[in-house]
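Thanks for making time this morning. I have one model to show, and I will keep to what can be read from it.

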Amino acid sequence: MTSVSKPLVKVRDLYFSRGDKAIFEGVDLDIYRGWITAIMGPSGTGKTTLLKLIGGQLRPDSGTIEVDGVDVHRLGSGDLYRLRKRMGMLFQSGALLTDISVFDNVAYPLREHTGLPETMIRKLVLLKLEAVGLRGARDLMPGELSGGMARRVALARAMALDPMMIMYDEPFTGQDPISLGVLVKLISSLNDASRLTSIIVSHDVEETAQIADYIYVISRGKVVDQGMPDQMMNSDAPWTRQFMKGLPDGPAAFHYPAPELEKDLMGRS
Amino acid sequence: MLDVLARLGRIGIGILGHIGRGHLLLLSILGGIPLLARRPRLLIAQIYAVGVLSMLIIAVSGTFVGMVLGLQGYYILSQFGAEQTLGVMVAASLVRELGPVVAALLFAGRAGSALTAEIGLMGATEQLSGLEMMAVNPIKRILAPRFLAGVISMPLLAAVFSALGVMGGYFVGVGLLGVDDGAFWSQMQTKIDLHEDVYNGVIKSLVFGFVCTWIALFQGYYATPTSEGVSRATTRTVVHSSLAVLGLDFILTALMFGD
């Protein structure tokens, strides 16, 4: 964790909806340079949507998102693509191209954007794969990888162009304990070694709190709490307490909204 | 009453939105085609996937359609003592109508459905989003080469269909039913006109290739990213393409051959 500097990403008064359903209703948050910032909240709160808004894949209904001082949604497509070269994103599924090998997946952004000779690309790809421990798996196809390995390859690919920041979409979901440990360590060490800024969207409290420098908790379209991991773990705010401790009932009700059980049972189907 | 009107209005707006999205996608795809001049390998790989891999079904179907035409044509023409014109009948039917139309229907079923499923699954598995976040435009990089490959492949596939159909008709007519060899070819040579028949057939198959590939890519790109969504999109590709081919064939035939 480095000292507080100017935020790399500034989200201000963000509103976004899908059809009639409001996803964000006035979200404000800052992502500081060099930090690992976690955005947490239960499933369905729009965490992935927030990453897509930051990456310019979705447009907000209102509000602004600035990345490195530039309003993402005011950029033309050329400038947006130039900005994206400096942003990596690790998708939950890995999003590897399934018809090419691990090596070619990592080489893909380099071949698309750099014009480097193939010998140089080979060296860079091998170094990136070495960093995630999968240099030996370079000839495998994505279908031959486990979920954890696919995410590590995707991480190597996201790092290929040496971006200024990486966004992780649920990096820990569905991982066995070993893969989980590897990913936690990788995200943390890559952030420090490459002087990255990282945004982790996750609902895995323990793993995320281990490596995050700052945590935002969002629910029902708003940031409901924020702070350092220790503060959040010991927070008295009912919502944060329920989420961080994994309590089954609380401000987020156990039951999905429904009419009274008695009425429902006595009513006609 | 108002409810019905409102529902009709919603359906109308939905259809117009659909058409608008389709045309915007087409414009973006066309915008990506000049880039293929710099990277012809992308196009060649897709011509192989879309065109070459469709050859078998086209070749077999073409041969059998030609054989059936030879058989049916012979029975009808022989009633008027005109079996020597069998070559003309087979060739004209194939080059003008059956070649472009049946090849396009087979193309929609074989290559169109594959394109939709491929693009739809790329969407469902976030590969398209992944490309966007790598600053690679998926419309230019993934859709444009497939589109051009479809437009290039379709007339060639229709030509193969027609050529093998003629050979099938020849085999049945001349080989099995005893039509004169020389009459079969010479009548065909005299009566089949390069502009009237062959060029019009090529224009038809170009139009069908354009429309079928466009529909397939549109359905794949906008498929709901679930297994059910991709399955529905694949079905829609085959149904919409087939209807479009048959409808357009009527319009094109009326324009080309009508007085």
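I will take chain B on its own, then a pair of its helices, then its interface with chain A.

One caution before the details: this is a predicted model.

Start with the fold of chain B. It contains 9 helices and 0 strands. Along the principal axes, the C-alpha atoms of chain B fill a box of roughly 65 × 55 × 35 Å.

Now to the helix pair. Two packed helices are described by the angle between their axes and the distance between the axes. For H6(B) and H7(B), the latter spanning residues 181-191, the angle is about 145° and the axes are 10 Å apart. The crossing of H6(B) over H7(B) is right-handed. Which residues make the contact? From H6(B) they are Val166(B), Met167(B), Gly169(B), Tyr170(B) and Val174(B). H7(B) brings Asp181(B), Phe184(B), Trp185(B) and Met188(B). Sorted by class, that contact has 7 nonpolar, 1 polar and 1 charged residues.

Next, the interface. On the chain B side, 16 residues are in contact with 22 residues of chain A. The size of an interface is often given as the accessible area lost when the parts come together. Here the two chains bury about 1,700 Å² between them, and 55% of that is on carbon and sulfur atoms. Three residues of chain B deserve a mention: Glu126(B), Met133(B) and Met134(B) supply 42% of the area that chain B buries against chain A, more than any other three residues.

What about polar pairing? Between chain B and chain A, 11 residue pairs are in polar contact, counting pairs with both residues at pLDDT 80 or more. Which helices of chain B each supply at least two residues of the side that touches chain A? They are H5, residues 127-133, and H6, residues 138-176. The largest share of that side, 6 residues, comes from H5(B). By class, the side of chain B that touches chain A has 7 nonpolar, 5 polar and 4 charged residues.

Last, the salt bridges. Side chains of opposite charge can pair when their charged atoms come close. Over all chains the structure holds 17 salt bridges, and 2 salt bridges are found across the interface of chain B and chain A. In one salt bridge, the side chains of Arg141(B) and Glu112(A) meet at 2.7 Å, N to O. Arg141(B) sits in helix H6 of chain B and Glu112(A) in helix H3 of chain A, residues 102-113, so this pair joins two chains.

That is the end of my part.

Note on methods:
Residues numbered from 1 in each chain as written. Chains lettered and ligands numbered in written order. Predicted model: local features only at pLDDT ≥ 70, side-chain atom pairs only at ≥ 80, totals over all residues. Heavy atoms only, no water. Contact = heavy atoms within 4.5 Å. Buried area = accessible area lost by both parts, 1.4 Å probe. Salt bridge = Lys/Arg side-chain N within 4 Å of Asp/Glu carboxyl O. Polar contact = N/O pair within 3.5 Å; in protein donor to acceptor, adjacent residues only side chain to side chain. Helix = DSSP H or I, 4+ residues; strand = E, 2+ residues; numbered from the N terminus. Nonpolar A, V, L, I, M, F, W, Y, C, P; charged D, E, K, R; others polar. Axes fitted to C-alpha atoms, helices over the stretch in contact; angles between N-to-C directions. Left-handed = near helix turned anticlockwise from the far one by under 90°.
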